[in-house]
Amino acid sequence: MATQDLELSGYDAIEYLVGNAHQAAHYYRTALGFRLVGYAGPETGVADRASYVLEQGTIRLVLSAGLTPDHPAVRHQARHGDAIRDVAFRVPDAATAYELATSRGARGVQAPQVLEDDHGQLVVAAIATYGDTIHSLVQRDGYRGVHRPGYVPMEDDPRMAGLPPVGLTGVDHVVANVRLGELSVWSAFYERIFGLRELRHFDDGAISTEYTALRSTVLWDGRGRVKLPINEPAVGLRRSQIEEFLDANDGPGVQHLALATDDIVATVRALTARGVRFLQVPDTYYDEAFDRVGVVEESWEDLARLGVLVDRDEEGYLLQLFTQPVQDRPTVFYEIIQRQGARGFGVGNFRSLFEAIERAQSARGNL
Ligand code: FE2
């Protein structure tokens, strides 16, 4: 099937629907180092919603909250908790992308619409994916305004400049959790709709601990602009972390965003100083990791002090670290990743990592 014609240029924005966008924006700025660049709400003529646009490197997050009891964003938040609604892709031609996607079986959520103001025009369409998540298809060639029409530019509080710089550069990958038995369905969906291909597949043999197991497939566009791992739970002795997510999120959704940095030591130092909580592996991890990975450019002492995990594959190595969930429900969390040639996802760290997740799960009474 010819699928080259539905080209994804990368991520456009990740939109969260949250209970209190005002406070969430504060967390993302003070803790994670994002910069406020735009706002839409009652003051800008949008009566029923407040949205904050935050940027860091090429990452754009939009945090939105509904302002009336039966607003769709409020219902979404009541069901899923603070959660990602939209993983928006940038495309060269949104009308064609929508036409192709829907002709290949995607469910349309929004037909192509031209949005226009004094700063130019963009074309936006959207299709449904797993759970209540959507993919907006955004054609923004030449649009010079903030995010979309309806938003006004914002200057961030100059006092934020006094906090240590975080240095996140872009979105590395976006991970979905789906139900048992649905991994192959959603892998086939991304292959059929967007022409993505399987980069890696991890079976439950590769990803299991004493208690829990999961299966995972990584889909990508062949160039690295878009990498979408999908997880499903596998049968284990206890409830897997994926099942805990599916219960807490009331269905499939985005589990984590991996954000890239060129200097993970500086990034994690800054995030820690700003109060971000990471999953901790035991000190014994570093004896095993040093034997497994060998020489790296970074100091092992720094990595161990900050709790950064290391893995090597045939092309190089990678450094990574995972936050605790960033809202009350044990759902969305972040990965910080620095790639030194490696194109993998840290499979050598999965066991230590899952054991750390299980300790947190157990503390919540969910294991
Ligand atoms: Fe990841």
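Colleague: Which protein atoms are the donors of the iron ion, and at what distances?

Modeller: Donors are N, O and S atoms within 2.8 Å of the metal (3.2 Å for Na, K and Ca), and water is not among the atoms, so sites may look incomplete. This is a predicted model, in which local features need pLDDT of at least 70 and side-chain atom pairs count only at pLDDT 80 or more, while totals for chains, interfaces and linings use all residues. Residues are numbered from 1 along each chain as its sequence is written, and side-chain values use heavy atoms, with hydrogens and water left out. At 2.0 to 2.2 Å from the iron ion, the protein donors are His173 (NE2), His256 (NE2) and Glu335 (OE).

Colleague: Are His173 and Glu335 buried or exposed?

Modeller: Buried means under 20% relative accessible area, exposed over 50%, and partly exposed in between (1.4 Å probe, protein chains only). His173 has 1% relative accessibility, and Glu335 has a relative accessible area of 2%. Therefore His173 counts as buried, and Glu335 is likewise buried.

Colleague: How is strand β16 enclosed, and which strands does β16 join?

Modeller: Seven of the seven residues of β16 (residues 316–322) are buried, so this strand is largely enclosed by the rest of the structure. Gly316, Leu318, Gln320 and Phe322 point one way, Tyr317, Leu319 and Leu321 the other way, and all are buried. Two strands pair if DSSP finds at least two bridges between them. Five bridges join β16 to strand β15 (residues 309–313) and five join β16 to β17, the strands running antiparallel in the pair with β15 and in the pair with β17.

Colleague: What is the strand order of the open sheet of nine strands, and which are the edge strands?

Modeller: The pairing in this sheet is mixed, and the order is β6-β7-β8-β5-β1-β4-β3-β2-β9. Each edge strand pairs on one side only; the edge strands are β6 (108–117) and β9.

Colleague: Where do the residues His147 and Asp250 lie, and what is the phi of each?

Modeller: Most residues other than glycine have a negative phi. His147 lies in the loop between β8 (134–139) and β9 (152–153), and Asp250 in the loop between α5 (241–248) and β14 (253–261). At 6% relative accessibility His147 counts as buried, whereas Asp250 is partly exposed at 37%. Phi is positive in both, near 60° for His147 and near 50° for Asp250.

How values were computed
Helices (H or I, at least four residues) and strands (E, at least two) are DSSP runs, numbered from the N terminus.
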